[in-house]
Amino acid sequence: MRIFIWVLAALATAFFIANRALAADADAYTIKLPPELLSTLVDYLFVGISALLGWAVKKGADLLHVRRESLLVERLEQGMGYALMYAREKALQKGAALTSIDTRSELVAVAAGYLAPKMPGVLKELNIDPEGLRERLLGRVDLVAPVPSSTGLPVMQPASSL
């Protein structure tokens with residue numbers, strides 16, 4: 001059905017262009033189009049051009065992975081935050097000290113185990129393997145289990161935790 005509409009619109013456009021080209025010649029025979037048909041053809045022409053432009057913009061965005069990838073990264077960041085908070089709560093329920101290296105490694109392992117089955121599509125789209133996920137979580141573990149400073153000065157928090 002869609003192909004039929006496009007073929008019909010192409011034929012009507014070709015007829016319209018040919019009619020206008022023949023009308024430029026004063027001696028030529030022309031077929032007068034009713035105003036209703038002419039306005040309908042113009043409407044279809046604008047719809048066709050709009051559809052083509054929309055398709056081109058979508059293809060361009062897909063080629064650049066602009067919007068989709070940024071949404072996936074944002075979703076992964078949010079999921080990693082939730083997974084680390086989940087791991088922190090599990091560690092606190094066990095009474096573990098959040099400042100020890102073993103606990104921090106356990107936080108990353110629990111968060112990775114929690115997040116991997118919850119977001120397999122996102123991880124696959126972003127080409128993140130389990131080791132890459134653990135590295136990303138390890139970089140964010142300070143958000144839920146900050147390491148105290150040995151100098152007594154406050155530890156600098158990442159800007160994303162503010």
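Arg104 is buried, with a relative accessible area of 10%. Here buried means under 20% relative accessible area, exposed means over 50%, and partly exposed lies in between (1.4 Å probe, protein chains only). The model is predicted, so that local features need pLDDT of at least 70 and side-chain atom pairs count only at pLDDT 80 or more, while totals for chains, interfaces and linings use all residues. Residues are numbered from 1 along each chain as its sequence is written, and side-chain values use heavy atoms, with hydrogens and water left out.

**Exercise 1. The chain as a whole**

Determine how many helices and strands the chain has, and state what share of its residues is buried.

Solution. 
Step 1. Apply the rule for elements: helices (H or I, at least four residues) and strands (E, at least two) are DSSP runs, numbered from the N terminus.
Step 2. Count the elements: there are 6 helices and 0 strands. Read from the N terminus, their order is α-α-α-α-α-α.
Step 3. Turn to accessibility: of the 162 residues in the chain, 20% are buried.

**Exercise 2. Salt bridges**

Find the partner of Arg104 in a salt bridge, and then describe the pairs formed by Lys94 and by Glu89.

Solution. 
Step 1. The rule requires a side-chain nitrogen of Lys or Arg within 4 Å of a carboxyl oxygen of Asp or Glu. By this rule the count comes to 5 salt bridges.
Step 2. The partner of Arg104 is Asp142, and their closest N and O atoms are 2.3 Å apart. This pair links distant parts of the chain, for Asp142 lies in the segment after α6 (130-140) and Arg104 in helix α4, 38 residues apart. Asp142 is partly exposed, at 31% relative accessible area, whereas Arg104 is buried.
Step 3. Lys94 pairs with Glu106, with 3.0 Å between the closest N and O atoms. Here too distant parts are linked: Lys94 belongs to helix α3 (residues 66-94) and Glu106 to helix α4 (residues 101-118), 12 residues apart. Lys94 counts as exposed because its relative accessible area is 63%; Glu106, at 35%, is partly exposed.
Step 4. Glu89 pairs with Arg88, and the closest N and O atoms are 3.9 Å apart. Glu89 is partly exposed at 39%, and Arg88 is partly exposed at 24%.

**Exercise 3. The largest pocket**

Give the volume of the largest pocket and describe the residues that line it.

Solution. 
Step 1. Begin with the method: rolling a probe the size of a water molecule over the atoms shows where empty space is left. On a 1 Å grid over the protein atoms alone, a pocket is an open set of points where a 1.4 Å probe fits, with protein on both sides within 12 Å along at least five of seven lines; lining residues have an atom within 4 Å of a point.
Step 2. The volume is about 430 Å³, a volume being the space filled by probe spheres set on the points, which are joined across faces, edges and corners.
Step 3. The lining consists of 18 residues, and Ile5, Ala9, Ala10, Tyr44 and Leu45 lie nearest the centre. The elements that give two or more residues to this lining are α1 (2-24) and α2 (35-64).
Step 4. Sort the lining by type: it holds 15 nonpolar, 3 polar and no charged residues. Ala, Val, Leu, Ile, Met, Phe, Trp, Tyr, Cys and Pro count as nonpolar, Asp, Glu, Lys and Arg as charged, and the others, Gly among them, as polar.

**Exercise 4. A loop residue**

In which loop is Asn127 found, and what is its phi?

Solution. 
Step 1. Asn127 belongs to the loop between α5 (120-125) and α6.
Step 2. Its phi is near 55°, a positive value in a residue other than glycine.
Step 3. Asn127 counts as exposed, at 70% relative accessibility.
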